[in-house]
Amino acid sequence: MNLLAHALLTPPGDDDLLVGNLTADWIKGRARLAFPQLLSGFALHRYIDAFADTHPAMLRAVGALEPRWNRYAPVLADVLFDHVLAASWPHPTPLPTFTGQIYGCLRAALPTLPPRAQHAACAMIADDWLTAYASLDGIRLALTRMSARLAHGIELAPAVETFLEHQCLFAAAFHELLPALAGHLATLLPHRRTA
């Protein structure tokens with residue numbers, strides 16, 4: 001799952017949990033120990049990814065991408081699932097309002113984050129990544145940004161065309177995975193409500 005899904009699946013009311021969940025990809029290994037307030041969020045991120053990455057619905061989506069995208073297929077599936085989520089937004093709070101709340105939380109945490117996470121959070125806020133996922137152009141831009149960080153010179157934005165060929169499969173897979181994941185998290189976090 002990608003950033004928007006991670007935000008949606010974070011139980012409300014715990015800013016440190018949210019910040020840890022959303023910055024886990026930019027704070028790695030032993031560096032995490034310097035942020036004890038975020039450790040639960042890092043763990044939540046790991047739980048979400050571990051469940052999603054092995055779920056049959058995710059494996060179907062990855063399988064649709066693999067013939068063309070090989071090892072990039074799992075990462076692409078994560079981002080494309082965020083498009084499905086944003087385009088069919090299930091939360092009672094409108095997407096721009098929800099993402100504005102997320103950005104406010106991240107903005108408040110910026111001074112406490114290490115430089116790499118600060119840079120990513122600032123870019124996420126400035127370019128409104130989470131709301132942009134609702135459009136295919138927004139997904140193309142997100143994939144182009146990812147491509148710029150790859151050493152192999154591959155452009156990932158054309159994966160949107162592969163997604164369009166399998167759009168029904170992706171929608172069905174995502175709508176199977178999200179409730180299963182929310183149910184799984186409810187067993188891990190029995191006193192907190194998720195999506």
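**Core, pocket and selected residues**

Guide: Val 75 has a relative accessible area of 39% and is therefore partly exposed, where buried means under 20% relative accessible area, exposed over 50% and partly exposed in between, with a 1.4 Å probe and protein chains only. Residues are numbered from 1 along each chain as its sequence is written, and side-chain values use heavy atoms, with hydrogens and water left out. The model is predicted, so local features need pLDDT of at least 70 and side-chain atom pairs count only at pLDDT 80 or more, while totals for chains, interfaces and linings use all residues.

Val 75 sits in helix α5; helices here are DSSP runs of H or I with at least four residues, strands are runs of E with at least two, and both are numbered from the N terminus. With residues up to four places away in sequence set aside, Met 1 touches His 6, Ile 48, Asp 49, Ala 52, Met 58, Asp 78, Phe 81, Phe 174, Leu 177, Leu 178 and Leu 181, a contact being heavy atoms within 4.5 Å.

Met 1 is also among the residues with the most contacts inside the largest nonpolar core, a list that includes Leu 76 and Phe 81; this core has 72 residues. Helix α5 (residues 73-87) gives the largest share of this core, nine residues. Such a core is a set of buried Ala, Val, Leu, Ile, Met, Phe, Trp, Tyr and Cys residues joined through side-chain atoms within 4.5 Å.

The largest pocket comes next. Its volume is about 730 Å³, and 25 residues line it, with Asn 2, Asp 25, Trp 26, Met 146 and Arg 149 nearest its centre. A pocket is an open set of points on a 1 Å grid over the protein atoms alone, with protein on both sides within 12 Å along at least five of seven lines, and lining residues have an atom within 4 Å of a point; a cavity, by contrast, is a set of points where a 1.4 Å probe fits but cannot get out. At least two lining residues come from each of α1 (3-9), α3, α5, α7 (115-126) and α9 (136-148), and α7 gives the most, with four. By class, 14 lining residues are nonpolar, four polar and seven charged.

In α3 (residues 39-54) lies His 45, which is buried at a relative accessible area of 5%. A polar atom of the His 45 side chain is 2.7 Å from the backbone oxygen of Asn 21. Beyond four places in sequence, His 45 touches His 6, Asn 21, Ala 24 and Asp 25. In α9 lies Ser 147, also buried, at 7%. A polar atom of the Ser 147 side chain is 3.4 Å from the backbone oxygen of Ile 154.

Two loop residues remain. Most residues other than glycine have a negative phi. Asn 70 has a positive phi near 45°, lies in the loop between α4 (56-69) and α5, and is exposed at 53% relative accessible area. Asp 128 has a positive phi near 50°, lies in the loop between α7 and α8 (129-132), and is partly exposed at 28% relative accessibility.

Methods: Polar contact = N/O pair within 3.5 Å; in protein donor to acceptor, adjacent residues only side chain to side chain. Points joined across faces, edges and corners; volume = space filled by probe spheres on them. Nonpolar A, V, L, I, M, F, W, Y, C, P; charged D, E, K, R; others polar.
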